[in-house]
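Welcome! Please take a moment with the sequence and the 3D view below, and then we can walk through some of the details together.

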Amino acid sequence: MIIFVLARADNGVIGVDGRLPWRLPADLKRFKALTMGTPMVMGRKTFDSFPAPLPGRRHIVLTRDRNWSAAGAEVAHDVDAALALAGEGDVTVVGGAEIYALLVDRADRIELTEVHCSPAGDAVVPAFTGWRETARIPHPAEGERPAYDFVTLVR
């Protein structure tokens, strides 16, 4: 099963300058729970945004750069190679926008945090159309933190 895990603002923004445009500790905790023990497929910029490889997960980095390598990263140069590296079982796709676009037709489930704000950003993912919502847990705004919903979508 291919599972997307991402947080997306109301305007589609998922990132700015290689980082998240918000700070939502509950979303980070959910990300950890959803990805722990799974191979994660990501782009190079997403891998570079982590302070270090995340424990308990494999990092499969999809990049066009044939010379790129990094400690803790397994490198693939196309989608099929990345999925072959992941092997059998669930694989989580964790960004960025180009990687989601490459794999959206193969995804089985989306674990989405809908962040109710419209920040400026340079990484944008369009709305997911043709998916069925099976779960939604709303969270109100708190101080500087915007309201957000944890949403599960399936085909």
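Which side chain does a polar contact of 2.6 Å join to that of Thr113? The partner is Asp27, whose side chain is joined to that of Thr113 by this contact.

## Before we start

This is a predicted model, in which local features need pLDDT of at least 70 and side-chain atom pairs count only at pLDDT 80 or more, while totals for chains, interfaces and linings use all residues. Residues are numbered from 1 along each chain as its sequence is written, and side-chain values use heavy atoms, with hydrogens and water left out.

Thr113 lies in strand S7; strands (E, at least two residues) and helices (H or I, at least four) are DSSP runs, numbered from the N terminus. Thr113 counts as buried, at 1% relative accessibility. Here, buried means under 20% relative accessible area, exposed over 50%, and partly exposed in between (1.4 Å probe, protein chains only).

A polar contact, such as the one with Asp27, is a pair of N or O atoms within 3.5 Å; within protein, one must be able to donate a hydrogen and the other to accept it, and residues adjacent in sequence count only if both atoms are side-chain atoms. Leaving aside residues up to four places away in sequence, Thr113 touches Leu6, Ala7, Arg8, Asp27, Arg30, Tyr148, Asp149 and Phe150. Contact here means heavy atoms within 4.5 Å.

Just after H1 comes Gly37, with a positive phi of about 80 degrees.

Thr152 is in strand S10 and is buried, with a relative accessible area of 14%. Its side chain makes a polar contact of 2.8 Å with the side chain of Glu111. Not counting residues up to four places away in sequence, the residues that Thr152 touches include Arg30, Arg109 and Arg132.

## The largest pocket

The largest pocket has a volume of about 1,200 Å³. Of its 44 lining residues, Lys45, Thr46, Ser49, Gly95 and Gly96 are the closest to its centre. On a 1 Å grid over the protein atoms alone, a pocket is an open set of points where a 1.4 Å probe fits, with protein on both sides within 12 Å along at least five of seven lines; lining residues have an atom within 4 Å of a point. Points are joined across faces, edges and corners, and the volume is the space filled by probe spheres set on them.

H1 gives the most to this lining, with six residues. Gly96 is found in the loop between S6 and H4, and the peptide bond from Gly95 to Gly96 is cis, with omega near 0 degrees.

## Two exposed loop residues

Asp17 lies in the loop between S2 and H1 and is exposed, with a relative accessible area of 61%. Its phi is near 50 degrees, a positive value in a residue other than glycine.

Asn67, in the loop between S4 (58–62) and S5 (73–76), is exposed at 74% relative accessible area.
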